[in-house]
Amino acid sequence: MATLDCPIFLTLNPSAAHSPILQVMFGDSEVDLSSRFPKLKSASVRALRLAQDPVAAADFYDFSVRCFFQHLLGWDFEKGCSNDVGGLFGKLRAFYGSSELTNRANLHGHFLIWLKGGLIFLTIKKFSNIGMS
C-alpha cells in the first residue's frame, strides 16, 4: 500500500464579481487588463452580468484554479504531474479538490495538496508524542 505525505489544506475563493478578467470573459472590451488598476463598471452592473451569465462565472473559476495550480504550484495539467521546476512549496506529488457554491452564489474550492518529500503523518505523530506522558 502506498503512503502519501501529510497534505496541506487550502481554500481558493476567486471573486468573480470584482475581477476584471471575468468582465473581459463576459465580453467587456473596455477593460484594459494591461493597466495596474483597470477601470470597471459599477458593482451593480458587474453583479447583473454575473447573474446573466453563470457559465462565464464558472469559466472564470476554472481559469483561476488552473492558473493557481499551474503558475504558483507548478502543476502540469497535460502531463498530470508537477513540472520540472515545481512551485511555491516545491514539487507536488498530487492534489485533490472539491468545489462548492457559497451562500452568495460564488464558486470556491477546498483542496488537499501533497508535496514530494513532505513529512509522512506517522513520522509527525511519532515525534509529537516524544516527552509526553
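**Labels and the values behind them**

Analyst: At 30% relative accessibility, K41 counts as partly exposed. The model is a predicted one.

User: Why is K41 called partly exposed?

Analyst: Buried means under 20% relative accessible area and exposed means over 50%. K41 has 30% relative accessibility, so K41 falls in between and is partly exposed.

User: What makes E30 and K41 a salt bridge?

Analyst: The closest N and O atoms of E30 and K41 are 3.2 Å apart. The cut-off is 4 Å between a side-chain nitrogen of Lys or Arg and a carboxyl oxygen of Asp or Glu, so the pair qualifies. E30 and K41 are 11 residues apart, and each lies in the loop between helix 1 and helix 2.

User: Is E30 buried or exposed?

Analyst: E30 has a relative accessibility of 62%, which is over 50%, and therefore counts as exposed.

User: How do you know that R49 and D28 count as buried?

Analyst: The limit for buried is under 20%. R49 is at 13% relative accessibility and is therefore buried; D28, at 7%, is buried by that rule too.

User: What joins R49 and D28?

Analyst: A salt bridge joins them, with the closest N and O atoms 2.9 Å apart. The pair links distant parts of the chain, 21 residues apart: R49 belongs to helix 2 (residues 43-52), and D28 to the loop between helix 1 (20-26) and helix 2.

User: Why does the pair D62 and R66 count as a salt bridge?

Analyst: The N to O distance between their side chains is 3.5 Å, and the rule asks for within 4 Å, so the pair counts. Both residues lie in helix 3, four residues apart, about one turn of the helix. D62, at 41% relative accessibility, is partly exposed, and R66 is partly exposed at 38%. By this rule the count comes to three salt bridges.

User: Which residues are in contact with V65, leaving aside its neighbours within four places in sequence?

Analyst: They are L12 and F111. V65, L12 and F111 belong to the largest nonpolar core, which has 11 residues. Strand 1 (8-12), helix 3 (54-72) and strand 5 (107-115) each give two or more residues to this core.

User: How does the lining of the second largest pocket divide into nonpolar, polar and charged residues?

Analyst: The lining has 11 nonpolar residues, one polar and no charged.

How values were computed:
Residues are numbered from 1 along each chain as its sequence is written. This is a predicted model: local features need pLDDT of at least 70, side-chain atom pairs count only at pLDDT 80 or more; totals for chains, interfaces and linings use all residues. Side-chain values use heavy atoms; hydrogens and water are left out. A nonpolar core is a set of buried Ala, Val, Leu, Ile, Met, Phe, Trp, Tyr and Cys residues joined through side-chain atoms within 4.5 Å. Buried means under 20% relative accessible area, exposed over 50%, partly exposed in between (1.4 Å probe, protein chains only). Contact means heavy atoms within 4.5 Å. Ala, Val, Leu, Ile, Met, Phe, Trp, Tyr, Cys and Pro count as nonpolar, Asp, Glu, Lys and Arg as charged, and the others, Gly among them, as polar.
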